[in-house]
Structures are given as C-alpha cells and as structure tokens.
Amino acid sequence: MSKVPKSRKDLPLTPLSYPTFGSMGKTGSWRTFRPEVDYSKCTKCTICWVYCPDAAITRQNDDSPKIDYDYCKGCGICANECPVKAIKMRREEE
Amino acid sequence: MTTLKELPKEEYLLKGHAACAGCGPSIGLRLLFKALGNKVIMAVPACCTTVIQGPYPFTSAGVPLQNVLFETTGAAASGIVAALHARKLEGITVVGWAGDGGTVDIGIQALSGAAERGTDFIYICYDNEAYGNTGMQRSGSTPYGAWTTTTPLGKGERKKDMPSIMAAHRIPYVATACTSYPIDFVNKLRKAKSIKGTKYIHLLAPCPTGWRYDTSKTVELGRLAVQTGLWALFEIENGKFTLNSPSDRLVDKTKRKPVGEYLKLQERFRGLTEEKLQMIQSWVDEDWVRYSKQCV
Amino acid sequence: MEQTIIDTANHLAGYAAKAARVKVVAAYPITPQTTVVEKIAEFVENGEMDAEYIRVESEHSAMAACISAAATGVRTFTATSSHGLALMHEALHWASGSRLPIVMTVVNRAMGAPWSIWPDFSDSLSQRDTGWIQFYCASNQEVFDTVLQAYKLCENEQVFLPAMVCLEGFILSHTYTPAKIPSQEKIDSFLPPYKSGWSLDVDHPVSHANLVAPDWFMEFRYSIQEAMENAKRLIPEIDRDYGKRFGFEYGGLVEKYRCEDADLVLFTMGTMGSDAKIAVDKMRKEGLKVGSARIRVFRPFPMEEIRKLIGNAQMFATIDRHISFGMEGFLATEIKSSLLGQKDTPKVAGFIAGLGGRDVSSETIEKIAKKSLKWMDTGKVEEETVWVDLRK
C-alpha cells in the first residue's frame, strides 16, 4: 500500500502513511543476541508471544512460537519471561 | 477474559517498527489493539509512539491514527467524537494514546477539558516516567529520586498523582494498569469500551532506554513495581475504588516486597541514598493506608 | 425563504455557519468575538442548527478540535480574536499542513501588552505566514457572504486550505446594519455537502502527518503554495458566481473604486475601505484624481492585481492598521514588493493608522490622501512611513 514517491505527482495532498511491515526496515539487523527456542521444552503457554514488543513472534496453530528474525531486535524479554526457560539468547556471530 | 490464549492473534502494531528493543509502551500498544480490535481511531500527540510509527510513507499502525499537537490529545478526541456523532457513525472507539509528558504536563489542560465535557473516548497515558521521545527529560510523572537528563542528581519532587486528578473529574472510569499484567489491561480496556463517557487508564510501561536496565527485564520490572506496591492496580468506577489482582492481596504490608528490590534494578536510581530509599518506602506505605481506606 | 434582518457582523457570522450547514463548532469566548459563538449556541440549542457544539477550554483546543473533526469528515467552524488567535498559532500551521478546509471568523482586535479590546490587524496579520487564506471584510453583509464563499473555496480540490474571515472588532462585530440572508435552498445549491481531501476511516487506515524527512518535506510545502496560487484564481470566480446568484460581490481579491484614471491610489483593508470611498468621492468633486483599492484578500497576496493598478498612477498610499516592529506595515511591504521590477512604478507612501482601535474616519483618509498628493507633486516622499494622528 505504501510506495516511496518517485516524483511530486506521486505525493498525496498531505503526508498520509499506510500500514507497512518493516516501516523501519529489517530491524532484525539491530540485534546483538538472538533468541532460540528449544521446542522440546516449550509448553506452548504463549507468554513469549504476548510480551514481544515488536510482534515479531507469531503464535502458530499449535500455540508454539515462531520468531521472525527479520524483525526480532533481540531484546530478550521472551527468554526472560519463559516459565520453563525454553528460550536462550545466543550471540549473533555464534 | 482470563487466559492469554483468549487474546486474538491479529496484530495491528506491525513488526519492524522504530521502538527501542524491549520497549514497554510497544507492549502496551499491541495489547491495546488486542483488546479493542481495529475499529479504532487514535489521536496520538508528540511522544514515543509518534516515532514508533516510522517515517512517511510508512506506518506501523494498522488503524487510522491522527498525529496531533503535543498539548491537544483531549481536544483532538473531542473533535473526532463530535464528527463521528455528527455523521451518525457508530461502533468506532476513539482512543487518545499519549505519553506521560503529554498527559500530566503539557497535555493536562486539554485532557481535563475533555473529561469535564464527558467526551466519550478512552484515554490511555502510557507512562515511561519521562519525556522519552526527546531523550528522557523529567516530566511531572517522573518519580522522586530518578535520574533523567534534566535531573542528573535525581528528581527532587514526587510523581504527580494523575489517577486521583482524573478521578476528581468524576468521570465514570479511572484505572491503573501495567504492561506486565496483560489480562488485567485488556479487561480494563474492554470494560472502558463498554462505558459511555470519558475513561482514563494510566499504564505503567517500563522503558529500558530511560530507566537504564537490561532490555530483557521490561516485564520483570513492571511486575516488581506492582509487587512492591509502588504501583497499585486499581479501578475507580463511578467513584467506587477497587484494588485488582494481585494488588488486592498487598494491603498487608508484609506481603509487599521492599521497594528497594524494584528500584535497585534500575540505574536511574543509582544515586539513591539509604535515607531517600526509606522515604520512598514510607510514601508507598502511606499510599497503601489510603488505598485500604478507600476500599469498601 | 430570503430574509432581511438587522444584525451585527458577529451574529451574521453565526447565521453563515448555520447556512453553511457546519456540523462541528468549537467555541471559546474572547472579546469581541463572543457573540459569534453565543449566537451559534442559540441556534444549536433551539434545534435550528444541527451541529455538535464543543465548549472547549482554550482557543488552542478549539483549533485542535476543529482539526480533528475536519479530519474525521465534517465541515467545521470556530471564531476568535487577538490573543486567542495567537494562542492557536502552532495549530494554524498544523491545520494548513494537514490541508483541512476549516473556516474561522477572526474578529480583529489589537494584540497586547497592554490589554486592548479595540480593533487593529495585528492579530490576523501576525499569522500571515501560517498557510491560511485571509479575507478582510468591510461590511456585515460581506462577512456573511464571505464565510459561505470561503467554504466553497476551501473545499475546492485545487485548494484544500483553511481560511480566516476577518472583521474589525466593534466597528462591525457589534454594529447593527441590515443584511440579506438568501434562502437555504439557494445556499445549498451554491455550497454542496462537505468534501475533504482525506479522512480518518476505519476501513482505510492511515497515519496522518508522521515524520517526513528532508527528502520530501519541501515538495509538500510546494503543494501548499500551489494551492494558494489556485485560490488566487478561484476567489474572483467564486465571488462573481456568488454575485450572480445572490446579488452581492466584492471585486474578488481587491475591491477597486474609481482607480481607472487615478493619479493616486489609496490602499486599505477592512472598513477603512468604506471610509476611503467617501474620501475619494469628496476629492473627486474637488477635481482630484484619487481612487481606492481595498485589499479584500491578504493571503494569497494579489500581486497581479496590484500591478494592474499601476495604470497611470504616480502615487500609491498604503494605510496599514498594523505595524511590524522594526519595519513597516505588511500592506506597505507587500505592495512595494509587488511593484519591484515593473515599469513606470508609482512612488509609495506608507501610513500607519488606527492601531488599538483609534478611529480612522473619511476625513483622516482625506488628510492622508492630500499629504500623498503633495508628495506626488513635489516628486519626493518625505517620510517612508507616517504614523497618522500621532500625539506629540
């Protein structure tokens, strides 16, 4: 819905912005640490999904989490809140 | 609603937005949409959310959102509600979503005016206890002793009691909430939606950038704020005061964690002397005496 | 049914808001505007006007409420004066940047300090750069007509800018004169239902006015300038059309009186334009070739009209009910600016008169004209800016 204007005639009357995934680009590039889910431990409680400030975790049909690494900023809230410690934060380079 | 799984899956805060990693207010905004859906028109003044939207021509907000002047959230809401009423459009929830600076300081007049007029909207103050958008300067909502860029030695004044100010307007619904208690916040939003008149919710939303803690602790800190009693979860519905879980079990002082457990995790309170800490503890205890008297 | 009533300009502004079928009115009182919003309150409460009436708690909130209501798809109206207008200042910028066709009545009153309740143009002229179209009226009838013309203009898709309709406090606002109000049917055929260029719509979500980086900001600003240029072209058309339908028109951008063969043209704004006509007639009887041009629209500034008035004139005299401290009145500056680079330009003498409501009668204007004529004859403008009737 949102196109970067190429010329003046592409401009709306006044700045109107349309809902876009990745409005700031691929914010996954901000990460230093990335969360990794151990699905064998995951109890599908959905707590990580609820608390992700970036909505980068999708709650799948079976309620398990799927992390979108294009947008995950690596804040670590999911790992901190997981009641069974199924999520570990690992340095990006590892 | 009682379980997290009852929250709808749809997202109206779109990923890839500009918030800091670990942003408490962003959790709040996500939960706002989960509570109210997308038949919402938002008025957002200058605040963190202004920037979180991202730059033109993109926005990370999935509902119609009008960016409004800093002071004007309450007045903007009055305008939107009036126009919807004039057009006889129903079923749309008007929301004012503002930071603490834009609520307790510069925005207080317009909010007070809207409340006095009984404008039918929900106003949420998401409180990260400073002017976040401009880099963490103190606001009227900054707590005593907190470092900010304009109070490097720690704020010398107490936090403005905005819920009491709003309750004094005799609006039908005033509540406090915290991003660490999503079910409570969502239920309060839905209850607010069902009430006619001005509804005010004050949402504590921890901010790693301003409070200086590790980004992973946002939810933990919000929980500690409630568990120490420094932040109480309550509702004032038509003047009737009710403490909500888990605050309802904290009237007994021995059940409250000492405030130090919450304050010491944040570098913004690094300068607190033992004396100041005791003072803060005594204020919390005083507040709870007041809360217990207000409960019927 | 057409009616002739005897009423004040303020009340007529209220009648115009009603006739325009305004749906949201933001109301805050300030002398000498108060009776505008009081009249509208009467209309709304007795059911004559179907509008939401928001009794805001400050003028800043009044404009904020109008901005949001207009963005939510309805025709809006508010009114203010002096410090109330000044308080709205940042919101005026926001309204024009948002391209919302809000129409506001400004009942001109001097800015303080010190307090003054009497008229001059320091309030509205201080806002000349905000991107609002500015009309200046010289009669109660013109106030009514201009509010309607303003809505038609602002909601034109080549414009979509807000407009202020200015009238001098007490001279017009509280003075009773006869005025004709056309039938609602005829007004409805002149002014169709509200149209805006964008709106807040749950079925088509947008975020309005989030951050625009330097790479596109100028282009958005340019489009406002283009809209002003379009307004300059449309205002005379709308005025002529209004004249055909209702019998009242005002010369479009500039109301010219006996300028065709004038040696001296007097430039005024507002009610001084009416007094100037009396002075012109008197001097014409004495054989002096004087004409008067009342600048009805200050923004967009009618540069081309000013240039057309050069004719054979040797002298322009500008009468400003305003001073930009450290320089001169805006009318003087902008007229001089319009003449730059033109052929055979007349000399310009600038006069400051009527600040803080000091009366400017036709006799005063005659004095101004005679002084200008003297300088015209000697070929030298003795003083660039003259403060008229200044006490020693």
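Three bridges join β1(B) to β3(B), and the two strands run parallel. Within this pairing, which belongs to a predicted model, Met42(B) has Leu65(B) of β3(B) as its bridge partner. On β4(B), a strand spanning residues 93-99 of chain B, β1(B) finds a further parallel neighbour, to which it is joined by four bridges, with Ile41(B) standing opposite Val94(B).

How far is β1(B) covered? The strand is mostly covered, since five of its five residues count as buried. The covering extends to both faces: Val40(B), Met42(B) and Val44(B) are buried on one side, while Ile41(B) and Ala43(B) are buried on the other.

Leu65(B), already named as the bridge partner of Met42(B), has Ser207(C) as its bridge partner in β9(C). The strand pairings described here are collected below.

| Strands | Sense | Bridges | A residue pair |
|---|---|---|---|
| β1(B) and β3(B) | parallel | three | Met42(B) and Leu65(B) |
| β1(B) and β4(B) | parallel | four | Ile41(B) and Val94(B) |

The contact between the two chains takes 37 residues from chain B and 37 residues from chain C. On the side of chain B that touches chain C, the elements giving two or more residues are β1 (40-44), α2 (48-52), β3 (65-67), α3 (73-86) and α5 (108-117). Which element gives the most to this side? That element is α3(B), with ten residues. By class, the side of chain B that touches chain C consists of 20 nonpolar, 13 polar and four charged residues.

Chain C itself holds 13 helices and 16 strands. Its radius of gyration is 21 Å, close to the 21 Å that the globule rule gives for 392 residues, and chain C is therefore as compact as a globular protein of that length. Taken along the principal axes, the C-alpha atoms of chain C fill a box of roughly 70 × 55 × 45 Å. Of the 392 residues of chain C, 56% count as buried, and among the contacts in chain C between residues at least 6 apart in sequence, 80% join residues at least 24 apart.

How values were computed
Residues numbered from 1 in each chain as written. Chains lettered and ligands numbered in written order. Predicted model: local features only at pLDDT ≥ 70, side-chain atom pairs only at ≥ 80, totals over all residues. Contact = placed C-beta atoms within 7 Å. Nonpolar A, V, L, I, M, F, W, Y, C, P; charged D, E, K, R; others polar. Pairing = 2+ DSSP bridges. Buried ≥ 20, exposed ≤ 12 C-beta atoms within 10 Å, placed from the backbone. Rg over C-alpha atoms; globule rule 2.2 N^0.38 Å.
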